[in-house]
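Hi,

Here is the structure I promised to pass on.

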Amino acid sequence: MEDENAEVLSLPQAPDAIELRHLRAFVAVADELNFGRAAARLYLSQPALSRQIRSLERLVGCDLLRRSTHRVELTLAGEALLDRARGLLREVDEAVSAARSVGGELLARIARHWESFAEVSPGDLQELRIAFEGLHGQFEPPPNISVRSVNAGGVPGLLVTPSSEEPATILYLHGGGHVAGSAFGYRPLAGALAEQAGTGVVVPDYRLAPEHPFPASVEDAVRAYRWMLGRGATRIIVAGDSSGCGLALSLLLSLKQQGLPAPGAVILFCPWVDLAMVSRDRIPHELDDFRRASVGLYLAGHPADDPLVSPLTADLTGLPPMLVQAATGDPLLDEARELTDHAQDCGVDARFELFPVDTHDFHIFWSFLPEAAQALQQAGRFAREVTLAAQAG
């Protein structure tokens, strides 16, 4: 039983001047234990990051970090604050996301962006391609992103780089159901990934079906990959979205067959990898008609159970670390889960990240959708981790 006469200490409340950016800065430094990496992660200069940390320490009234020439360590006070700060930031982010979700404004905006594409008949290929370009044309690459044409081993494409002119280490294979999409249209998404990963991104304009059915796009991806190897890229990261994920995995399996150096990792956004369209226990979706039509054009009679185009049944042993990101409302969510499970069963270091979004290929809306921006940030961090590990090795 508690002592009714026990004295209750009255502690002062947290200073009103502490801002969320102070806490985000502290958590970033605590995660990285390096001011340079934390500053890059937050897109701040190191002096600006140091000022935020000093402001937080001054407001809290104690040192949170010990700094030396070569090391950054948490103090006991810093350790006490870290978990609570993480929880607070997580709750604030979730509260903002919940408010936006309930308001329905972001979903309505996404629906408006998809409208022109969704209204086109899957059989009207030219109109579908125009609509798909129009969808991506509603966005712009991030500021300070450089875009120039390249000839990647005979495959035309674009090189998208941050202003720092970092070398290209990511090969990005765009979506579009194997029948639509272009490097030009994907400048915004490739630019956002380049910015987050701090590296250049090569986006090849691989050949599309039905003019060039399988294996034309796989051959183009291999040529672009070999071109990057020839330019000195030793640990290439292969990335893609939607059907581009299936192409990315076909590329990896082709490299494995040909005995070529494996990529350092693969990043897959909302993967569409089941060309056989195995029946699943879900409500039919308007995307299904487009998928059936485009698969027929892409395979042009080629068996859908060929391991090269069927990663859900192929032997993925030996493939590099894999990051799979998906959305809760994506009609292809089951494929993302199955792919991750199958890769793990084959011994692949496969990570799965799920975001509360009610659409397929949500990454293309990174400029206004917080979950998409967060997903790209995490994909960029994954790419940097792979690059740093390769450099350390």
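A quick definition before the notes: pLDDT is the predictor's confidence in each residue, from 0 to 100. You'll need it because this is a predicted model, and residues 1-11 stay under 50 on that scale. That stretch also has zero contacts beyond four places in sequence. For the protein chain as a whole, the mean pLDDT is 88, with 88% of the residues at 70 or more.

Eight strands form an open sheet with mixed pairing, in the order 3-4-6-5-7-8-9-10. Strand 3 (145-152) and strand 10 (350-355) sit at the edges with a single partner strand each, so one side of each has no neighbour in the sheet. On average, neighbouring strands are turned by 20 degrees against each other, direction ignored. Strand 3 pairs with strand 4 (residues 155-162) in the antiparallel sense over eight bridges, and Ser146 is opposite Thr161 of strand 4.

Two helices go with this sheet. Helix 8 (residues 216-230) lies across strands 3, 4, 5, 6 and 7, running at about 175 degrees to strand 5 (168-173). Helix 9 (residues 243-258) packs on the sheet too, touching strands 5, 7, 8 and 9, with its direction at about 150 degrees to that of strand 7.

Cheers

Notes: Residues numbered from 1 in each chain as written. Predicted model: local features only at pLDDT ≥ 70, side-chain atom pairs only at ≥ 80, totals over all residues. Heavy atoms only, no water. Contact = heavy atoms within 4.5 Å. Pairing = 2+ DSSP bridges. Helix = DSSP H or I, 4+ residues; strand = E, 2+ residues; numbered from the N terminus. Axes fitted to C-alpha atoms, helices over the stretch in contact; angles between N-to-C directions.
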